Amino acid sequence: MTVNLSTVPLVALSGETKQIISTLLNPPKIIPSENGLPRDWRGLAHLSNLGGEILPLLTSHSDPSAYILTTWRQKQKHITIKDLQVALEEIDRWDIVDDTLELFEKDAIKYLEQLERSQTSADIIAGDDTKILTVDDIHRSRQGLDNQYYDAFLLYADEDINFATKMIDKLESQYKLKLCLKDRDLIGGITFEHEAVITLISERCNRLIVIVSSNFLESPANKFFLNYAQALGIDKGQRKVIPCLYGKCQLPRQLNYMFILDYNRVTLYNFWEKLRDSVQIVNAPKSNTNCITVNEEPVLLSKKEATRNTVEINSEYETEKNTVKDQVLKGNDKSSDAKQEPNNPELNKDSNKTINNFLRWNWKKRGIRKAERDNEEYVSITKTVNLPSLENLDPLNTSTDLTEKKQKPKFLKKYVKKVPFKL
């Protein structure tokens with residue numbers, strides 16, 4: 001890479017390059033150059049226009065060449081590396097020009113790179129950045145969005161990283177769920193790591209997936225996060241913890257009362273689909289109301305009227321409004337003695353106010369009448385009906401003797417009473 005040294009100032013020279021120039025230029029030379037200048041530091045001092053009063057002082061200086069370069073750079077801000085090469089050529093020091101050419105280009109490239117980097121500056125921290133906990137928060141903050149929310153926080157032991165990686169690939173790549181991991185998503189420099197994890201579990205993550213194994217239960221931190229999430233779920237009345245049994249172990253007491261997804265157990269359900277369905281959130285549909293809006297005016301309707309088309313209601317309202325408006329305008333024309341302009345804003349304002357008041361009262365009265373009719377349709381009968389008394393009725397007896405007695409003629413009644421009847 002070739003660099004134009006005429007655009008690089010003398011300040012770009014590194015300490016190594018200055019030391020090489022001083023080593024080659026400080027020793028005195030007896031034979032002068034073709035233009036009569038000394039071929040050592042004295043010739044460079046003459047070309048740099050330092051002044052005759054400084055030359056006696058440089059004689060006793062330990063490094064006169066370095067002093068000349070520093071003073072020359074301070075007095076002439078625009079001096080470049082190319083100017084130094086020209087001065088060395090004038091005093092016939094071609095050996096120094098050849099030996100330092102590669103060093104000059106290296107220092108020039110490094111200076112230009114630093115100059116390019118200095119053109120951009122870091123952004124000043126504005127506001128409170130303590131709520132930025134994950135890498136996703138940083139990217140969303142640059143776009144002016146809110147902090148990132150996650151479907152679940154994955155909690156596992158370091159020894160179960162292989163199974164955790166498989167679970168991440170399944171849930172994120174295949175089922176498109178958003179997971180949060182402490183080692184992957186948490187940014188560095190957070191003062192209290194446990195506090196950040198608690199904030200993510202309670203405020204940013206809907207669920208907590210726990211990979212239960214013997215290694216998991218050996219960690220006090222994992223037990224703490226599990227107990228915290230379970231207490232949080234009880235407090236909020238939510239299903240917060242989703243335990244997934246990976247290795248056989250003695251389950252904690254609080255997990256014995258929960259349904260656990262066993263990865264190693266052969267069951268009728270698919271483990272990964274069951275886990276996906278357990279993580280997903282089901283939002284309840286919005287309830288419908290029996291109140292519609294007509295021209296930004298809320299009108300309470302009955303159940304039958306609420307099912308009508310809104311467009312038809314608005315059309316009916318507009319038709320009635322125009323009719324009432326014509327009637328009001330005609331009445332104003334007949335009753336008014338003074339001549340008014342057709343586009344009088346005061347008249348239009350009063351007319352619109354009268355029309356709106358009338359229509360509001362009319363629709364309100366119509367809704368009340370409709371509600372009364374609906375109530376009349378569903379009025380239950382509460383009137384008491386008096387039934388006949390049962391005191392004078394004959395007892396119901398279905399025996400054959402009583403039936404035969406009722407069928408006997410009247411003239412045999414006396415005989416039956418006196419003489420017993422024999423078959």
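Trainee: Is Asp 92 buried, partly exposed or exposed?
Mentor: Asp 92 counts as partly exposed because its relative accessibility is 22%, where buried means under 20% relative accessible area, exposed over 50% and partly exposed in between, with a 1.4 Å probe and protein chains only. Asp 92 lies in the loop between helix 5 (81–90) and helix 6, and its phi is near 60 degrees, a positive value in a residue other than glycine.
Trainee: Before I go on, what should I know about the model itself?
Mentor: This is a predicted model, in which local features need pLDDT of at least 70 and side-chain atom pairs count only at pLDDT 80 or more, while totals for chains, interfaces and linings use all residues. Residues are numbered from 1 along each chain as its sequence is written, and side-chain values use heavy atoms, with hydrogens and water left out.
Trainee: And Lys 176, where is that one?
Mentor: Lys 176 sits in the loop between helix 8 and strand 2, and Lys 176 also has a positive phi of about 60 degrees although it is not a glycine. Lys 176 is exposed, with a relative accessible area of 65%.
Trainee: How many helices and strands are there in the protein?
Mentor: The protein has 18 helices and 7 strands, taken as DSSP runs numbered from the N terminus, with helices being H or I of at least four residues and strands being E of at least two. Of the 423 residues in the protein, 31% are buried.
Trainee: In what order do the strands of the open sheet come?
Mentor: The open sheet is formed by 5 strands in the order 2-1-3-4-5, with parallel pairing; two strands pair if DSSP finds at least two bridges between them. Strand 2 (179–180) and strand 5 (261–262) are at the edges and each has a single partner strand, so one side of each is left without a neighbour in the sheet.
Trainee: What packs on the sheet?
Mentor: Helix 8 (residues 161–174) does, touching strand 1 (150–155), strand 2, strand 3 (205–212) and strand 4, where contact means heavy atoms within 4.5 Å. The direction of helix 8 makes about 145 degrees with that of strand 3; axes are lines fitted to C-alpha atoms, for helices over the stretch in contact, and angles run from 0 to 180 degrees between N-to-C directions.
Trainee: Which strands does strand 4 pair with?
Mentor: Strand 4 (residues 241–245) pairs with strand 5 in the parallel sense over 2 bridges, and 5 bridges join strand 3 to strand 4, which run parallel. Leu 245 has Asp 262 as its bridge partner in strand 5, while Val 212 stands opposite Leu 245, and Cys 244 is opposite Leu 261 of strand 5.
Trainee: Why is strand 4 said to be largely enclosed?
Mentor: Because 5 of the 5 residues of strand 4 are buried. Val 241, Pro 243 and Leu 245 point one way from strand 4, and Ile 242 and Cys 244 point the other way.
Trainee: Switching topic, what does Thr 100 touch?
Mentor: Not counting residues up to four places away in sequence, Thr 100 touches Ile 20 and Ile 21. Thr 100 lies in helix 6 (residues 94–117) and is buried, with a relative accessible area of 0%, and a polar atom of its side chain lies 2.6 Å from the backbone oxygen of Ile 96.

Terms used:
Polar contact = N/O pair within 3.5 Å; in protein donor to acceptor, adjacent residues only side chain to side chain.
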